[in-house]
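Please read it alongside the sequence and the structure shown here.

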Amino acid sequence: MTQADKDFAVNYYYDNLLKEKGISYTDWLNTLECFLFYEYCEWVFVGHKYDATDGEYYKKYLPMAKHQASKILKIEKG
């Protein structure tokens with residue numbers, strides 16, 4: 001999926017489902033960032049649980065989880 005496709009999906013979902021519920025776009029983006037962090041961490045957890053820290057998914061998702069955590073911390077600090 002290209003970045004343009006991702007941006008379209010994020011905006012389309014907001015415009016057609018969340019906006020009418022009174023949810024701000026900022027709240028939607030912050031929630032999405034937290035959801036992505038959770039998803040990345042799930043693979044990290046599985047890697048640790050099954051002693052597979054040398055596995056493909058673990059190696060892919062650990063840096064992504066760290067990056068996502070950094071993004072969330074920046075959001076919280078303003």
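Does the end-to-end distance of α3 agree or disagree with the span its 22 residues should have at 1.5 Å a residue? The model is a predicted one, and in it the end C-alpha atoms of α3 are 33 Å apart, which agrees with the 32 Å that 22 residues should span.

**Helix α3**
- The buried residues of α3 are Y58, Y61, A65, Q68 and I72.
- These buried residues pack against α2.

**Helix α1**
- α1 consists of 16 residues, and the distance from its first C-alpha to its last is 21 Å, close to the 22 Å expected at 1.5 Å a residue.
- Within α1, the residues V10, Y14 and L18 are buried. They lie on the same side of α1 because they cover an arc of only 40° around the axis.
- An α-helix has 3.6 residues a turn, so residues three or four places apart point the same way.
- A4 and F8 are exposed, and they are found on the other side of α1.
- The partner of the buried residues of α1 is α2, against which they pack.

**Residue D51 in the loop between α2 and α3**
- D51 belongs to the loop that lies between α2 and α3.
- Although D51 is not a glycine, its phi is positive, at about 50°.
- Most residues other than glycine have a negative phi.
- D51 has a relative accessible area of 68%, and it therefore counts as exposed, the cut-off being over 50%.

**The largest pocket**
- The volume of the largest pocket is about 340 Å³.
- Its lining is formed by 14 residues, and those nearest the centre of the pocket are Q3, K6, V10, L32 and L36.
- Two or more lining residues come from each of the elements α1 (3-18), α2 (25-49) and α3 (56-77).
- Of these elements, α1 gives the most to the lining, with six residues.
- Sorted by class, the lining comprises eight nonpolar, two polar and four charged residues.

Methods
Residues numbered from 1 in each chain as written. Predicted model: local features only at pLDDT ≥ 70, side-chain atom pairs only at ≥ 80, totals over all residues. Heavy atoms only, no water. 1 Å grid on protein atoms, 1.4 Å probe; cavity = no way out; pocket = protein on both sides within 12 Å on 5 of 7 lines; lining within 4 Å. Points joined across faces, edges and corners; volume = space filled by probe spheres on them. Helix = DSSP H or I, 4+ residues; strand = E, 2+ residues; numbered from the N terminus. Nonpolar A, V, L, I, M, F, W, Y, C, P; charged D, E, K, R; others polar. Buried < 20%, exposed > 50% of the residue type's maximum accessible area, 1.4 Å probe, protein only. Expected span 1.5 Å × (residues − 1). Arc of directions from axis to C-beta. Contact = heavy atoms within 4.5 Å.
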